[in-house]
Amino acid sequence: MPQVIVVYESNYGHTERAAAVVAEGAEQVSGVSVRCRAVGQVTKDDVLDSNALLLGTPVHMGSVHWGIKRFIDEVLSGLWSQDLMVGRVGGVFATGGGLGGAGGGCELAMLSMLSVMAELGMVLVPLPKNSEGFARGGLHWGAYVRCATSAQAQTDIPDHCLPLLREHGANVARVAALSASRPTRSAFDRTTTHTFTRRST
Ligand SMILES: Cc1cc2nc3c(=O)[nH]c(=O)nc-3n(C[C@H](O)[C@H](O)[C@H](O)COP(=O)(O)O)c2cc1C
């Protein structure tokens, strides 16, 4: 059975709630099993047991939360070194305060997660513009939720973002199901090993 893992970081609950809605969308795809976990609880084996990874972050200082960066450096980089993520499916989502009305760095945060997924050789799933609610709250890189007013008062996830979060989860799960049902291709099976060496001082 294709497995999807939704991995998120969250200090104040917004990204955690967004992750739950993304997972709900993924669960709508029949035959797919979905887990939703805080990033600190996710091991290398959890990732390896999954056909798809959905990664969600709060925007912090125009980039990802350090917890996500730690996960990338401590868990995903080890999988990169053995080509173990090649051919797995990836998608991203983010929440942010969006001060200034131009996104507050959400695109950079999402692109930095997507670029890591590309480096890992994953199959990237964006958010197409025909997604329900895209005209009001869509972003091509994935699902983004602004959880603050223009005066920076914290808000819950706005209703118009819920279909986008669900649809993104469902799209990733659909691609995971498709890729799991196909015979693996040689490029996805081939492994090369790269190790990091520390320079001696
Ligand atoms: C240290 C810190 C830095 C932040 N930097 C940004 C930022 O650069 N851009 C932005 O849009 N929001 C920024 N925010 C707001 C959070 O991204 C936003 O409140 C988010 O929804 C919090 O998610 P959480 O409830 O899952 O922790 C920042 C918040 C914190 C605590």
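**Basis.** I worked from a predicted model, in which local features need pLDDT of at least 70, side-chain atom pairs count only at pLDDT 80 or more, and totals for chains, interfaces and linings use all residues. Residues are numbered from 1 along each chain as its sequence is written, and side-chain values use heavy atoms, with hydrogens and water left out.

**Helix H6.** I looked up H6, residues 162-181 (helices are DSSP runs of H or I with at least four residues, strands runs of E with at least two, numbered from the N terminus). Its 20 residues reach 29 Å from first to last C-alpha, close to the 28 Å expected (1.5 Å times one less than the number of residues). Among its buried residues I noted Pro 163, Leu 164, Gly 169 and Ala 176 (buried means under 20% relative accessible area, with a 1.4 Å probe and protein chains only). Strands S1, S3, S5 and S7 and helices H1 and H5 are included in what covers them.

**His 168.** This residue lies in H6 and is buried, at a relative accessible area of 0%. Beyond neighbours within four places in sequence, I found His 168 in contact with residues including Leu 54, Gly 91, Val 125 and Ala 143 (contact means heavy atoms within 4.5 Å).

**Second largest pocket.** I recorded 15 lining residues, with Tyr 12, His 14, Pro 58, Thr 95 and Gln 154 nearest the centre (a pocket is an open set of points on a 1 Å grid over the protein atoms alone where a 1.4 Å probe fits, with protein on both sides within 12 Å along at least five of seven lines; lining residues have an atom within 4 Å of a point). H1, S3 and S5 each give two or more residues to this lining, and the largest share, 3 residues, comes from S3.

Methods
Buried means under 20% relative accessible area, exposed over 50%, partly exposed in between (1.4 Å probe, protein chains only).
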